[in-house]
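This briefing concerns a predicted model. Please consult the sequence and the coordinates displayed here before reading on.

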Amino acid sequence: MDYAQLEDREVVSLACEGRQRAFRELLTRYEKPVFSLVFRMVRDRERAEDVAQEAFVKAFNAIDTYDPRYKFSSWLFKIANNLAIDRLRKRELDTVSIHGAPDARSNEDEERTSITLPSTGESPEEYVENRELGGQIEDAMGRLRPEYRTAVLLRHVEGHTYDEVAEIMDVPLGTVKTYIHRGRAELKEMLAGAVA
Amino acid sequence: MNDPSTHLSSEALQAYLEGELAAERTEKVEAHLAGCSRCASELDGWRLVFSQLDELPGLEPSENFAERVMAEVPTRPSLGSRLMGTLRTAMGRRIRNAEEHLGPDRLQELLDGALGQGDRRRAHAHMEACPACQSEFQEWQTVFTSLGSLPRLAPSEGFARRVMTAFQASASPAPTPGVLDRALQWAGAMTNQAGRLLPSTPRGWTGLGAIASLPALGVLALMGAVTAHPLLTLCGLATFLSWRVADGFQAAMAWGSQWLADSAVAGALWEAASAASASPSMAVAGLMALWALTLASAWILYRNVIAPSPVTGRHA
């Protein structure tokens, strides 16, 4: 049987029967997308590999609980993103933000709710020094608040629809739109600032 | 509808008179009217109004009415003036569009392909007339292009192997199935196998039925051959079978009696009954104890099954 020709749900169903080749196939398909997302979230290769590995092991061990009504990739990204966010919270990594709460309705609200936590991870300068995450856009991406970053990455790098991003992030569709629009707006400001 | 307390509305009565009701509804209305004098009276009132309206005469305007009206109708403008008007409207729209900028959300939706065809056309038309929006659109395009150029990053070599090793190490060994589990698994497997052997078409089921009925046909044929003997009739066979059943029942009764006679428990019960019958007071005491036990059992059943006390406290 050529596993590469099978659809995700077929491979998952074989994995549910305990076939190692099915697990390997899923790993082959998603190691790069999952690692990319996690790496850009935690901004550290070693930590990213730990988180990505944990995500795969967690997903594989819980493969019986996967609901085939949803896309397997969405389920896997959800696990990986949750683990990455947990890791960010634990280590108080980069949470620099320009805007306030997504539901802020006035400038005062936005200022009141915007937070700037001390970053114990890499500084923005260190991001640039990092060869893989170098460049203006990667640097700007690293400055986004985590939820904006996840939403923008899932939309632009992984090509998920707004609905899928909402499913992965477990937030309403309107919130996802807000995250993506504000995330892009911050990126635009940062890119314009870098050029100027 | 037939309930006189719910009278027909004036709308329903008017619709009925105008023949606008469906057949079923018309029947219901007529049934109600037959039994409700108030609605019937109201219907008569509506009939009168309708007939008076129908009898209203057509009135004619005064002389030269048409000429007076036409004198008030503006004449159709010339082609040139119509073209100028269209141009003025278009320019006005462009000016209005130029005044209402698209804004970041609209521009992002445009680049995201989230706008409908009409909105997209309007947005582009606006940008043609609005350098500010055009410039901002280009800035957004830069952001989108930059985001689109972000590559997927690969983990280090051996990542997949490490994940599989960690997965295999983390996977808990499957518990050894018990006897019952194994029996159930075996029964399930056998059922599956049997299910595969079953036919799936009506013709297959017919064939299977014919094969399954062969032994029964053989037995019937044998019985027919036996009962065809002149000395062996169906009645005689039935009598023989009834004798065999009676013999079996007698043998079972004899075995049961013998078991009771040999049983120590039965002996003890017999002795206790004999002693009780010899002493009436003991018999009465025994009966009262039995009665008390029965009452207590009934009470426990009532409290726990029929009228359980309300559960207090919170569930975990």
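The notes below cover chain B as a whole, the second largest pocket, and the setting of one arginine in chain A.

In this predicted model, chain B contains 14 helices and zero strands. The second largest pocket, with a volume of about 250 Å³, is lined by 13 residues, and those closest to its centre include A:Phe23 and B:Phe167.

**Chain B**
- From the N terminus on, the order of elements in chain B is α-α-α-α-α-α-α-α-α-α-α-α-α-α.
- Chain B comprises 316 residues, of which 12% count as buried.
- Among the contacts in chain B with a separation of 6 or more, 60% are accounted for by residues 24 or more positions apart.

**Second largest pocket**
- Closest to the centre of this pocket are A:Phe23, A:Phe60, A:Asn61, B:Phe167 and B:Ala171.
- At least two lining residues each are supplied by helix 1 (8-16), helix 2 (20-42) and helix 3 (45-61) of chain A and by helix 9 (159-170) of chain B.
- Sorted by class, the lining consists of seven nonpolar, five polar and one charged residues.

**A:Arg21**
- A:Arg21 belongs to helix 2 of chain A.
- Leaving aside residues up to four places away in sequence, A:Arg21 touches A:Met1 and A:Tyr3.
- A separation of 9.0 Å lies between the C-alpha atoms of A:Arg21 and A:Val11, which are ten residues apart along the chain.

Note on methods: Residues are numbered from 1 along each chain as its sequence is written. Chains are lettered from A and ligands numbered from 1 in the order in which they are written. This is a predicted model: local features need pLDDT of at least 70, side-chain atom pairs count only at pLDDT 80 or more; totals for chains, interfaces and linings use all residues. Side-chain values use heavy atoms; hydrogens and water are left out. On a 1 Å grid over the protein atoms alone, a cavity is a set of points where a 1.4 Å probe fits but cannot get out, and a pocket is an open set with protein on both sides within 12 Å along at least five of seven lines; lining residues have an atom within 4 Å of a point. Grid points are joined across faces, edges and corners, and a volume is the space filled by probe spheres set on the points. Helices (H or I, at least four residues) and strands (E, at least two) are DSSP runs, numbered from the N terminus. Ala, Val, Leu, Ile, Met, Phe, Trp, Tyr, Cys and Pro count as nonpolar, Asp, Glu, Lys and Arg as charged, and the others, Gly among them, as polar. Buried means under 20% relative accessible area, exposed over 50%, partly exposed in between (1.4 Å probe, protein chains only). Contact means heavy atoms within 4.5 Å.
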